[in-house]
Amino acid sequence: MRTIRQVNENRKDYLWLLLEADPDEPMIDRYLARGKMYVLEDDGEAVAVAVTVPYKDEADACELKNIAVDPKRQKKGYGSELIRGVMDAESAGYAVMYVGTTLPTEPFYRSVGFEFDHLLKNFFIDNYPEPIFEDGVQAIDMRYLKRRIRA
C-alpha cells in the first residue's frame, strides 16, 4: 500500500534519496531545515521524497526544492503520485507552486501541469562545485516552471 506522509524529524535519514535529485549536500542543507518534507512509502519502504519551501516574497507561492525517486523505482508513477500529493497538501496554504529544473527533466513536470515561467542563467555553474549532468546533458541554466495548485 502506498502512503504519503510529512516528515518532521530525522530528515537526514533520507539523504541518500535527496541526493538523487540534488547531488550537493551543502545545497540540500540550505533548504531542508526550513522546508516541509514529504515521503511516499510503498508497503512501509521509502521510495520517493519531496521538499517544499515558501517561494521568495510571494505569500501565496511555494517552491518544490527537491523531488527524488529511488532509481530502482523510477518510471513507475511514484514521482507523479508524490507531486500530486504534495500539491494537495500545500494547496491549503499556497495557490501556486514553482519548481526549478533542467531541460531534460522539464517534460516530467509538464506532464503534471507545470508551465515554463522564467530562466536563471548559469545557475548550476555558479552554485555547484562540480558539473551536473542529466541524461548526458550538462545542467547550466535553471528553468523555473509554475503551476496553480488552488483557485
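Buried means under 20% relative accessible area, exposed means over 50%, and partly exposed lies in between, using a 1.4 Å probe and protein chains only. With that in hand, Arg2 at 35% relative accessibility counts as partly exposed.

A word on what you're looking at: this is a predicted model, where local features need pLDDT of at least 70 and side-chain atom pairs count only at pLDDT 80 or more, while totals for chains, interfaces and linings use all residues. Residues are numbered from 1 along each chain as its sequence is written, and side-chain values use heavy atoms, with hydrogens and water left out.

**The sheet**

Helices (H or I, at least four residues) and strands (E, at least two) are DSSP runs numbered from the N terminus, and two strands pair if DSSP finds at least two bridges between them. On that basis, seven strands make an open sheet with mixed pairing, running β1-β2-β3-β4-β5-β9-β6. β1 (2-7) and β6 (115-120) sit at the edges, each pairing on one side only. On average, neighbouring strands of this sheet are turned by 30° against each other, direction ignored.

Zooming in, β2 (residues 36-42) and β3 (residues 45-54) run antiparallel and are joined by seven bridges. Asp42 stands opposite Glu45 in β3. Helix α3 (residues 78-90) packs on the sheet, touching β1, β2, β3, β4 (61-69), β5 (96-101) and β9 (142-148), and its direction makes about 135° with that of β2. Contact here means heavy atoms within 4.5 Å; axes are lines fitted to C-alpha atoms, for helices over the stretch in contact, with angles running from 0 to 180 degrees between N-to-C directions.

**The cores**

A nonpolar core is a set of buried Ala, Val, Leu, Ile, Met, Phe, Trp, Tyr and Cys residues joined through side-chain atoms within 4.5 Å. The largest one has 28 residues, and Tyr14, Leu18, Met37, Val49 and Phe124 have the most contacts inside it. At least two residues each come from α1 (15-21), α2 (25-32), β2, β3, β4, β5, α5 (123-127) and β9. Apart from it lies another core, of 22 residues, including Ala48, Ala50, Val69 and Leu82. Leaving out residues up to four places away in sequence, Val49 touches Leu82, along with others including Tyr14, Leu18 and Met37.

**Salt bridges**

A salt bridge is a side-chain nitrogen of Lys or Arg within 4 Å of a carboxyl oxygen of Asp or Glu; the structure holds 14 of them. Here are some:

| Pair | N to O distance |
|---|---|
| Asp42 and Arg2 | 4.0 Å |
| Arg2 and Glu81 | 2.5 Å |
| Arg110 and Glu106 | 2.8 Å |

Arg2 in strand β1 links up with Asp42 in strand β2, 40 residues apart, and with Glu81 in helix α3, 79 residues apart. Asp42 is buried at 16% relative accessible area, whereas Glu81 is partly exposed at 22%. Arg2, Asp42, Glu45, Arg73 and Glu81 are linked in a network of salt bridges.

Arg110 is partly exposed, with a relative accessible area of 41%, while Glu106 is buried at 5%.
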